[in-house]
Amino acid sequence: ISELIQIYVDPTNSIEIQKDAFTNINSLIKPKQKENATISSSTSTDTNEVTCIEQLIPKLDNLLTSDVDKERNRSTLLLSELIHQTKNGEDIDSDSDIDMNCPKYLLNVKSIELFVVFFNNRLSDYPSIIPSLYALIGLFEKHFRQVESDHDELISTCVINTFKCIDSALHVQGLAQSIRQKVYQLYTVICNLIQYRIESTCKGGDKNNNKLYQQTKLYINNTIIPCFCNAAEGEKDPRCLYLIMQTLSNYVYIYQEDIFVLSAGGDIGDIDGNATISVNSSVATIRESQDGIDRLVERVYNLVACYFPITFVPPPDDPFKISTQMLVDSLQSSLTSHAMLYKHTVPFLIDQITESYANIDDTDAVSTISHALNCVLEIFNRQLTSNNPSLTPTATTTNAAQAQARTLLIEQL
């Protein structure tokens, strides 16, 4: 396998030869079953046997620290490609309930954590940036999803450290488009993981009483949003902008349930005489952090509002398939991702409509204001049905909710 590694990493070899070498390396690694995945390399009786990715590190040591940029790049890429390998139906019966997107080479929790640290550190080596980001995407997208819920704190630590490392090691806007896009793809994958683990933990229950949810909101506010905005400020590439606005709105939307903190009093009111929406007692903690949320939404608003209105028109032969409407919709989502954004968003949009010098189509502005109102209404209806599972909103309850939603929107202005 050492000879195959040399062939794969050697920058003078053709792409076809390198691909063949990777295929052979992939076939020589014989992963253990999940229950034995934590067995260390020292327990193997055959020194030539490779049962996990970790055992390749000593064989790659000289290449990872090579003075040749392309060798460092290729050796890092080899680990990244192996991390992304999935079962894809290999050795799986058709009746099996095993996820075919499950990683082929299962890593134990400690190994995942060490790999995150390893690839974060390699971000400081320019030739290794793209393969390191690619590896981190695989770790957060595939491997962390296999981790049990009792390791949520470790996952949170890895997320925080990854954002901080990118923020300190990379001046994202000074890098090539391909690197910037990989950064935003990683941020998207981490957001999906956060949402997945919150939903898995809450399982339809009250999020405000969930420890993971409260901790997640705290580090989104303190770390993720500031680092995300630092990376995204000044972005002009439409492919990157689409990822930024979509992902940013998803991060902020995690806070959306806190809309009820913003209304006066403990109860939202009595709807149709029998359904009362009450703010959970835990909102006192959220209320204390309202200043932090204020800073968060203002930072988000300042980042995305400058792109309104969207004027991008893709060329006829655009291979990237990013349309004007895709950017319009994603900008709308980011401007309305939290109720507290409305006190910034709505006056800004009204100004865009009323100012005589603004030579723009008012449709996007009116549509975004309408979308903001619908978002508030959706949350009211969701809270209604969660507090009263047997309640089916009638025309009366919906109209009452609409009236309260408008009132809340006005309060934010």
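Of the 413 residues in this protein chain, 49% are buried. Keep in mind, everyone, that this is a predicted model. The chain has 16 helices and 2 strands. Now look at the contacts with a separation of 6 or more: residues 24 or more positions apart account for 71% of them.

Let's go inside. The largest nonpolar core holds 101 residues. Phe-140, Phe-144, Tyr-184 and Tyr-251 have the most contacts within that core. And which helix gives the largest share of this core? That would be helix H8, residues 177-202, with 12 residues. As background, nonpolar side chains in soluble globular proteins tend to be buried together.

Next, a pair of helices. H5 covers residues 109-122 and H6 covers residues 129-143. How do they pack? Their angle is about 155°, and their axes are 9 Å apart. Angles over 145 degrees count as roughly antiparallel, so that is what we call H5 and H6. H5 passes H6 in a left-handed crossing.

Who makes the contact? From H5 we have Ile-112, Phe-115, Val-116, Phe-119, Asn-120 and Arg-122. From H6 come Ser-132, Ala-135, Leu-136, Leu-139 and His-143. Sorted by type, the residues of this contact are 7 nonpolar, 3 polar and 1 charged.

How values were computed:
Residues numbered from 1 in each chain as written. Predicted model: local features only at pLDDT ≥ 70, side-chain atom pairs only at ≥ 80, totals over all residues. Heavy atoms only, no water. Core = buried A, V, L, I, M, F, W, Y, C linked by side-chain atoms within 4.5 Å. Buried < 20%, exposed > 50% of the residue type's maximum accessible area, 1.4 Å probe, protein only. Helix = DSSP H or I, 4+ residues; strand = E, 2+ residues; numbered from the N terminus. Axes fitted to C-alpha atoms, helices over the stretch in contact; angles between N-to-C directions. Parallel < 35°, antiparallel > 145°, perpendicular 65-115°, else oblique. Left-handed = near helix turned anticlockwise from the far one by under 90°. Contact = heavy atoms within 4.5 Å. Nonpolar A, V, L, I, M, F, W, Y, C, P; charged D, E, K, R; others polar.
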